[in-house]
Structure formats: C-alpha cells, structure tokens
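Notebook open, structure loaded. I wanted to look up a few contacts, the cores and a couple of helices.

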Amino acid sequence: MAADQRGKAETLALRRRLIGSSCRLFFPEDPVKIVRGQGQYMYDEQGAEYLDCINNVAHVGHCHPLVVQAAHEQNQVLNTNSRYLHDNIVNYARRLAETLPEQLCVFYFLNSGSEANDLALRLARQYTGHQDVVVLDDAYHGHLSSLIDISPYKFQNLDGQKEWVHAPLPDTYRGPYREDHPNPAEAYASDVKHLIDSARERGRKIAAFFMESLPSVGGQIIPPAGYFPRVAEHVHRAGGVFVADEIQVGFGRVGKHFWAFQLQGEDFVPDIVTMGKPIGNGHPLACVATTQAVARAFEATGVEYFNTFGGSPVSCAVGLAVLEVLEKEQLQAHATHVGSFLMELLRQQKAKHPIIGDVRGVGLFIGVDLIKDEATRKPATEEADYLVSRLKENYILLSTDGPGRNVLKFKPPMCFSLDDARRVVATLDAVLTDMEEVLRTCATLRLQPCPALQVSCP
C-alpha cells in the first residue's frame, strides 16, 4: 500500500483541483500529509512522528486496537439499520444511561454532532412550542443550516444574527465580569435573564438555551461555577429547555467528571445532552439524550424519526468499545492527573513569558491565552500563529481558537502522557524564548504596545 502512495506535492495538487477550497487544511502554507496514527501520535508519508495535541476525536488514541477490533468483528457479522431488533443498540443505550443523571434516559443515535444538535433543536421546539434560542457569543454548534443560524462563530460572517438568537458569553478573562468580580456566575446569568425578558417584551418565546458545556471555539472558556443552574432557572421560567452540548468535551475529558456539565454541580441536570466527536473515536457516531417528557412530546407529532446509519450494530459496537477502553485504562483519572501537571507547567511559563496572559482549563481541556498587552489583554494573533508554526516544525501539532485566534488549545487524545506534557512545554518555552530574543515580541510587552509579529522573520 505504501508503494502506491502519491507524493505530497501530487496529493496537494489533486486536492486543490478536486476538493472545495472552503474545506481548509491545517497549516495551509505547508500542509502535513498524515498517513498513519497510533495513540497520541500521527505519522507523515516520510515516517516522521508528530505529537497530536488537538485531536479530541481520537479520544482513546488513534487506531486503538480494541476499538478497531470491535468494528471489524461486528462488520464481519452484520451492519444494518436500527429498524431491526439488535442487542448492540440497547446495550449501548444502557451503558450511556449509567453515566448520566437518571432523568436523561431516552436516546437517539445519529452520525455526527451536527445531526445531534439539529435534532436537539427540533426536540426543544416541539416540546416547548417556541422558536427563540439563546446561544453564546462565538459559539459553534454545527454546519447544518439550522445550526449556522445559532452559531455566531459562523453567522457573524454571513447574514448576521437572526431575530430570535441572542448571545452573551460567560468569559471571566475578557468579558464584562472578570476574575475580580464577586459573583460572575450570577452576573452573567442575569445577562441571560435580561435578554430573555427583552425578547419576551417583543413577543418572542424562548425554546432553548444552547451551550457547549465548556465553550471551545469561543476560546477554551471555563464558565464560572453556578452559572448553569441559574441560567436554567431563567430559561425554565420562560418555558424553554437547557441543552448541554458535550460534543467537544464529554466522555471524561474534564477528568473530575464524565460529563463537563457536571462541573456545575451534582444537582444540575440539563433537559437535553448532545454527544459526538469522541463518542466513536473517529467512527461517525453521535447521540442525543433527553427526558421522557421531551421524548413523548416529539413522539406526539406522529412523524417517525429514522436515521439510516445512526445506531447501527457496528456504530454501537464501536461506542461500547470506547466506553470499555475509558474504564479499563482509567483514562478519566488519567486526564485529571496529566491535565493538572500540564496546567502547572504552563502556569510556570506564564510567570516567565509575559505574552501568556491566562492559562485556564480542566482535565485535558486547556487554553493558553496569548496577549500583546497586559493591561488591555489585546489578542496576540500573529504571535500565536507563528508559535503554532514553530511547534509544527518541532513535530508538535497544536492550533488556536477564540475570536482573536490567539488561544492555544489543548485537547489531545486521552492517552497523552506526562512525558508528552513535558515535551510540549519545553518546546513552547524554547520558541517563546527565541521570540523574545530574536523578534523582541514579548520582551517589551509590559513596557509598550507590541508591534505585529512578522512571521517571515528568521
């Protein structure tokens, strides 16, 4: 098979000719051609090994042998749709139910996070009879038309905000209520209440509050504790439901809990939870979990819900295997241990390099916010882009997020190790030191506004 591989230049030329240009590559100036993955590592066509710090889809590691085996064995026996009785779908639903609050006991299986969020939107609107949706600034919930309309990260570059979408962001580093506020959770929740009240005064009705349990595209945001329960009170009082989007951060990534919404307290229970990305370790699988009341309202329409591939025997075998690996290899506890270690190393770098304005995260969901100026916290966008390119030269794959594209995001496979953390931070330190000495980007950060970094500099 390797002998039949095209050269990188030929593959790139074919891609540019045959694939839509809006389907963008990482590192477009010098793309990486990846041909193999194992654990937390990816390999290019020359056999070079890259440390993967951003792939939260390969949740338990690229090509985990138990997951691959489960898919292969079930594929050899049967793969059909969920209209036939089969043990895999009910076994998988039962295993998922064991990880969730008991109220969330009805499951729908799909192929992608976008499909899951689209169904959650339908469930919410059918259950409430309302249309309006409250989402966060810079949120992203999927690429379907229905979800672009509730994803400011996307619609702000298109037709703009729909009349029924309203968007505050509970960011305690850049938002109006910061780390020095006595009760940022209450303050940000009050913003949601004011938006709901304003919408209702105009005759609008709230169907749902949609939120990533930890906003990723928004900049690796950690909402203040207590925010979800207070928001849920306001949303429920307005007749809406709370949708927790766990597509990026579920399945033990936060370490302390299996689901990121559980960081908001043991008593908090969303009305709907959506899952995707890590659920199948790269296999196209997604899920919506909800209450009996919401499911019954959806059933009352008389319209069948059917998904050709969702919940197939192979998909459910893969999902079960992922849960088995998480448990056997104790990856949730591992995320706590390695994530805490990585956070401490990064905080040490923050004390050393003034370009690092904030280090935030939980488990193996971590953001490093790069700034040009300590007082204004202006995003260091060019510097972040240069840093990511330099890390790639050192065979470390990292990327940025946030509205300023200045937040380094760490969401590696859950098998990411202590040694991996040491390697990444040591390389980060070396590159930042070089930037300070050669480009003088960070050295003057606290003295004067920093000039834009010229990425072409040596």
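I started with Phe-410. Skipping its neighbours within four places in sequence, I found Phe-410 in contact (heavy atoms within 4.5 Å) with Cys-53, Gln-220, Leu-342, Leu-346, Leu-364, Phe-365, Ile-366, Val-368, Leu-398 and Val-424.

Before going on, I noted that this is a predicted model, where local features need pLDDT of at least 70, side-chain atom pairs count only at pLDDT 80 or more, and totals for chains, interfaces and linings use all residues. Residues are numbered from 1 along each chain as its sequence is written, and side-chain values use heavy atoms, with hydrogens and water left out.

Next, the cores. A nonpolar core here is a set of buried Ala, Val, Leu, Ile, Met, Phe, Trp, Tyr and Cys residues joined through side-chain atoms within 4.5 Å; buried means under 20% relative accessible area with a 1.4 Å probe, protein chains only. The largest one has 94 residues, and Phe-410 is among those with the most contacts inside it, along with Phe-209, Tyr-227 and Met-275. Helix α10 gives the most to this core, eight residues. Apart from it I found another core of 22 residues, including Tyr-108, Ala-120, Val-133 and Ile-272.

I then checked Ser-315, which sits in α10 (residues 313–328); helices are DSSP runs of H or I, at least four residues, numbered from the N terminus. Ser-315 is buried at 4% relative accessible area. Beyond four places in sequence, Ser-315 is in contact with His-283, Pro-284, Leu-285 and Phe-309.

Last, α4 (residues 113–128): I noted Ala-120 as one of its buried residues. Just after α4, Gly-129 takes a positive phi of about 75°.

Note on methods: Buried < 20%, exposed > 50% of the residue type's maximum accessible area, 1.4 Å probe, protein only. Helix = DSSP H or I, 4+ residues; strand = E, 2+ residues; numbered from the N terminus.
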